[in-house]
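Me: I would like to go through this model briskly, one point at a time. Please end every reply on what I asked for.

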Amino acid sequence: MRKIQFLVLAIALLGIACIAPKQHHYISFKTAKEFQAFLNRKTKPYPLLSAHRGGPMPGFPENAIETFENATNYQPVIIEFDVALSKDSALVIMHDDKLDRTTTGSGLVSSYTYKELKKLTLKDDDGKLTKFKIPTLEEVLRWGKNKVLFTIDIKRGVPYEKIIAAVRKTKSEANSIIITYNANQAAKVHELAPDLMISATIKSPEDLERLNKMGVPNDKIIAFVGVAEPSKSLYEYLHNKGISTILGTMGNLDRSAKANRNKTIYSDLIGNGADVLSTDEVALAGQQLDVYRNQKQLKFKNLSLK
């Protein structure tokens, strides 16, 4: 009888576990100064994942708020997303110039008004229709308060002024980083918003020296070091300058990690000097980072489970 009771209890507990809501891993900073101190390595480093295009998975399309929320089920994350401009100058979240691959629409994003874009539905990476809609930049920034960090990728033709205005309007200075691709862009963003953090491509000391000469200070930079692992000497150089680093694993490094799941590829990349991994494999990379953090006994006061 007792064995039967234990069996019934085990089945009940399993059922509860299956229907229990997942916990979200949130990360937040009280002030922009606190956020920047973390990126400037003034506090103990804590490695993070950046969910490329928000972390799309089956049933969760890229660049959707629902996908961003799903990513927090796995890790405290930085959400990387893309901003495009509609025909009537609304800031919408979309990577491609055209709508065909990711939505029920076709043609250029810029040929649709925001009202028209709202009627479309997003498709996941397998082309399957979801019930999710194209969000605006302001909707994303408001959703992300006290939940995630952002790296904002800006499509060609979108004025930096409009992005910065949205960050100001939503008071998102404490969780937003503006992505730039060259020193001229970085200098312009810093001129427009000298208090905001900038993601700048730095693959050599000379790249940083050029940024500095153009007026971009080290304490406003997080360095994107590319999609291939750089030398440890570059990591050391940047860390000595108080600059955190982002390594893009989307592409070859993600494919290698998927093909060699028994290896510790992601944790090794962190151990070699990367502070953030920008990945398409949030679940797999997150598992390895959890092990790495536990082994190193890394704690972070700015995390919460909800």
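Predicted model: local features only at pLDDT ≥ 70, side-chain atom pairs only at ≥ 80, totals over all residues.

Me: Is lysine 171 buried or exposed?
Reply: Buried means under 20% relative accessible area, exposed over 50%, partly exposed in between (1.4 Å probe, protein chains only). Lysine 171 has 60% relative accessibility, so the residue counts as exposed.

Me: What value is phi of lysine 171 near?
Reply: Most residues other than glycine have a negative phi. Lysine 171 is not glycine, yet its phi is positive, near 55°.

Me: Where is arginine 41 found, and what is its phi near?
Reply: Arginine 41 sits in the loop between helix H2 (32-39) and E2. At 26% relative accessibility, arginine 41 is classed as partly exposed. Its phi is again positive in a residue other than glycine, near 60°.

Me: How many cavities of 30 Å³ or more are there?
Reply: On a 1 Å grid over the protein atoms alone, a cavity is a set of points where a 1.4 Å probe fits but cannot get out; lining residues have an atom within 4 Å of a point. Points join across faces, edges and corners, and volume is the space filled by probe spheres set on them. By this rule the count is 1.

Me: What is the volume of the largest cavity?
Reply: Arginine 41 belongs to its lining, as do Phe38, Leu39, Thr43, Lys44, Pro45, Tyr46, Pro47, Leu48, Ser244, Asp275 and Val276. The volume of this cavity is about 100 Å³.

Me: How many residues of that lining are charged?
Reply: Asp, Glu, Lys and Arg count as charged; Ala, Val, Leu, Ile, Met, Phe, Trp, Tyr, Cys and Pro as nonpolar; the others, Gly among them, as polar. The lining has 7 nonpolar and 2 polar residues. Its charged residues number 3.

Me: Which residues of strand E2 point one way, and which the other way?
Reply: E2 spans residues 48-51, and the four named residues are all buried. Leu48 and Ser50 point to one side; facing the other way are Leu49 and Ala51.

Me: Which residue of E10 stands opposite alanine 51?
Reply: Two strands pair if DSSP finds at least two bridges between them. E2 and E10 (residues 276-279) run parallel, joined by 4 bridges. Serine 50 has serine 278 as its bridge partner in E10. Opposite alanine 51 stands threonine 279.

Me: How many bridges pair strand E9 with E10?
Reply: E10 is covered on both faces: Val276 and Ser278 on one side, Leu277 and Thr279 on the other, all buried. Leucine 247 has leucine 277 as its bridge partner in E10. E9 (residues 245-248) pairs with E10 in the parallel sense, and the bridges number 3.

Me: Which residues does serine 278 contact, leaving aside neighbours within four places in sequence?
Reply: Serine 278 lies in E10 and counts as buried because its relative accessibility is 5%. Contact means heavy atoms within 4.5 Å. Its partners are Ser50, His52, Ile246, Leu247, Gly248, Thr249 and Met250.

Me: Which of alanine 257's contacts lie beyond four places in sequence?
Reply: Alanine 257 is in helix H10 (residues 252-259). Its relative accessibility is 0%, so alanine 257 is buried. Its contacts are Ile265, Tyr266 and Leu284.

Me: How far apart in space are arginine 255 and glutamate 281, C-alpha to C-alpha?
Reply: Arginine 255 is also in helix H10. With a relative accessible area of 53%, this arginine is exposed. Along the sequence, arginine 255 and glutamate 281 are 26 residues apart; in space the distance is 9.1 Å.

Me: Which residues touch the most other members of the largest nonpolar core?
Reply: A nonpolar core is a set of buried Ala, Val, Leu, Ile, Met, Phe, Trp, Tyr and Cys residues joined through side-chain atoms within 4.5 Å. The largest has 77 residues. Among the residues touched by isoleucine 152 are Val83, Leu141 and Ile163. The two that touch the most members are Phe81 and Ile152.

Methods. Residues numbered from 1 in each chain as written. Heavy atoms only, no water. Helix = DSSP H or I, 4+ residues; strand = E, 2+ residues; numbered from the N terminus. 1 Å grid on protein atoms, 1.4 Å probe; cavity = no way out; pocket = protein on both sides within 12 Å on 5 of 7 lines; lining within 4 Å.
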